[in-house]
Amino acid sequence: MSSTDDCSAVIQNLDGKQYMGRILRVNFSDKPHPETEHKLLVGNLSWSVTSESLTGAFKPYGNLVGIRVLYDGETGRWYGFVCYTTKSGMETALEALNGLEIGVPIRVSLAEGKKS
(Lines give C-alpha, C1' and ligand atoms only; values in the text may rest on other atoms or scores of the structure.)
Protein backbone atom coordinates (compact mmCIF):
# COMPACT_ATOMS: atom_id res chain seq x y z
CA MET A 1 0.00 0.00 0.00
CA SER A 2 1.20 3.49 -0.68
CA SER A 3 -0.47 5.22 2.27
CA THR A 4 -2.10 4.62 5.64
CA ASP A 5 -5.45 5.56 4.09
CA ASP A 6 -5.03 2.83 1.46
CA CYS A 7 -4.26 0.32 4.21
CA SER A 8 -7.30 1.39 6.21
CA ALA A 9 -9.55 0.98 3.16
CA VAL A 10 -8.25 -2.55 2.53
CA ILE A 11 -8.76 -3.46 6.19
CA GLN A 12 -12.31 -2.11 6.14
CA ASN A 13 -13.18 -3.97 2.92
CA LEU A 14 -11.52 -7.34 3.62
CA ASP A 15 -11.23 -8.01 7.35
CA GLY A 16 -13.63 -10.76 8.38
CA LYS A 17 -14.62 -11.64 4.80
CA GLN A 18 -14.42 -15.21 3.53
CA TYR A 19 -12.11 -16.10 0.66
CA MET A 20 -11.41 -19.60 -0.69
CA GLY A 21 -12.88 -21.18 2.44
CA ARG A 22 -10.88 -19.02 4.87
CA ILE A 23 -11.88 -16.06 6.98
CA LEU A 24 -9.49 -13.20 6.25
CA ARG A 25 -7.91 -11.29 9.13
CA VAL A 26 -6.51 -8.02 7.86
CA ASN A 27 -4.97 -5.46 10.20
CA PHE A 28 -1.95 -3.30 10.82
CA SER A 29 1.07 -5.23 11.97
CA ASP A 30 2.12 -4.40 15.51
CA LYS A 31 5.62 -5.77 15.06
CA PRO A 32 7.98 -6.28 12.15
CA HIS A 33 8.54 -9.77 10.78
CA PRO A 34 12.01 -10.96 11.74
CA GLU A 35 14.27 -11.74 8.82
CA THR A 36 17.88 -12.70 8.27
CA GLU A 37 20.16 -13.07 5.29
CA HIS A 38 19.54 -16.85 5.50
CA LYS A 39 16.14 -16.77 3.83
CA LEU A 40 14.27 -19.32 1.71
CA LEU A 41 11.37 -18.76 -0.65
CA VAL A 42 8.77 -21.53 -0.50
CA GLY A 43 6.48 -21.66 -3.52
CA ASN A 44 3.58 -23.71 -4.81
CA LEU A 45 1.91 -23.80 -1.40
CA SER A 46 -1.55 -25.24 -1.01
CA TRP A 47 -4.15 -22.73 0.23
CA SER A 48 -4.43 -24.80 3.42
CA VAL A 49 -0.76 -24.35 4.45
CA THR A 50 -0.23 -22.16 7.51
CA SER A 51 2.81 -20.69 9.23
CA GLU A 52 2.44 -23.45 11.82
CA SER A 53 2.53 -26.26 9.25
CA LEU A 54 5.61 -24.73 7.58
CA THR A 55 7.26 -24.43 10.99
CA GLY A 56 6.70 -28.14 11.55
CA ALA A 57 8.36 -28.98 8.24
CA PHE A 58 11.32 -26.58 8.47
CA LYS A 59 12.16 -26.55 12.20
CA PRO A 60 14.08 -29.89 12.24
CA TYR A 61 16.75 -28.39 9.96
CA GLY A 62 17.90 -25.48 12.12
CA ASN A 63 16.94 -22.59 14.37
CA LEU A 64 14.16 -20.55 12.78
CA VAL A 65 14.01 -16.78 13.02
CA GLY A 66 10.62 -16.38 11.36
CA ILE A 67 8.12 -17.80 8.89
CA ARG A 68 5.50 -16.00 6.82
CA VAL A 69 2.82 -17.40 4.53
CA LEU A 70 1.50 -14.93 1.96
CA TYR A 71 -1.08 -14.80 -0.81
CA ASP A 72 -0.45 -13.07 -4.13
CA GLY A 73 -3.81 -11.69 -5.22
CA GLU A 74 -2.56 -11.03 -8.75
CA THR A 75 -1.48 -14.62 -9.46
CA GLY A 76 -3.80 -16.42 -7.02
CA ARG A 77 -0.85 -18.30 -5.54
CA TRP A 78 0.29 -18.91 -1.97
CA TYR A 79 3.97 -18.71 -1.04
CA GLY A 80 6.11 -18.24 2.04
CA PHE A 81 9.43 -17.16 3.47
CA VAL A 82 11.46 -19.11 6.01
CA CYS A 83 14.40 -17.46 7.80
CA TYR A 84 17.14 -19.36 9.65
CA THR A 85 19.76 -18.12 12.10
CA THR A 86 22.53 -19.91 10.18
CA LYS A 87 23.49 -20.53 6.58
CA SER A 88 23.96 -24.25 7.27
CA GLY A 89 20.39 -24.66 8.55
CA MET A 90 19.07 -22.84 5.50
CA GLU A 91 21.14 -24.96 3.09
CA THR A 92 20.16 -28.23 4.79
CA ALA A 93 16.45 -27.35 4.60
CA LEU A 94 16.81 -26.32 0.96
CA GLU A 95 18.30 -29.70 0.04
CA ALA A 96 15.92 -31.77 2.16
CA LEU A 97 12.58 -30.07 1.54
CA ASN A 98 12.47 -29.03 -2.12
CA GLY A 99 9.68 -31.17 -3.59
CA LEU A 100 8.26 -32.21 -0.20
CA GLU A 101 4.51 -32.72 -0.37
CA ILE A 102 2.53 -30.47 1.94
CA GLY A 103 -0.78 -30.93 0.18
CA VAL A 104 1.12 -30.50 -3.11
CA PRO A 105 4.87 -30.65 -3.87
CA ILE A 106 6.46 -27.41 -2.66
CA ARG A 107 9.32 -25.54 -4.35
CA VAL A 108 12.09 -24.30 -2.07
CA SER A 109 14.75 -21.87 -3.30
CA LEU A 110 17.01 -19.15 -1.99
CA ALA A 111 15.08 -15.92 -1.52
CA GLU A 112 16.41 -12.95 -3.46
CA GLY A 113 16.14 -9.32 -2.40
CA LYS A 114 13.17 -7.20 -3.41
CA LYS A 115 13.06 -6.20 -7.04
CA SER A 116 12.40 -2.54 -7.69
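Is Trp-78 buried or exposed? Select Trp-78: this residue is buried, with a relative accessible area of 13% (buried means under 20%, exposed over 50%, partly exposed in between, with a 1.4 Å probe and protein chains only).

Before moving on, note that this is a predicted model, where local features need pLDDT of at least 70, side-chain atom pairs count only at pLDDT 80 or more, and totals for chains, interfaces and linings use all residues. Residues are numbered from 1 along each chain as its sequence is written, and side-chain values use heavy atoms, with hydrogens and water left out.

Stay on Trp-78 and show its contacts (heavy atoms within 4.5 Å). Beyond neighbours within four places in sequence, they include Arg-22, Trp-47, Val-69 and Tyr-71. Ser-46 is also in contact.

Now select strand β5, residues 77-84, which holds Trp-78. Helices (H or I, at least four residues) and strands (E, at least two) are DSSP runs, numbered from the N terminus.

Widen to the open sheet: 4 strands, ordered β4-β5-β3-β8, with antiparallel pairing (strands pair if DSSP finds at least two bridges between them). At the edges are β4 (64-72) and β8 (107-110), each pairing on one side only. The twist averages 20° from one strand to the next.

Zoom in on β4 and β5, joined by 8 antiparallel bridges. Here Leu-64 stands opposite Tyr-84 of β5.

Axes are lines fitted to C-alpha atoms, for helices over the stretch in contact; angles run from 0 to 180 degrees between N-to-C directions.

Finish on helix α3, residues 87-97, lying across β3, β5 and β8 at about 150° to β8.
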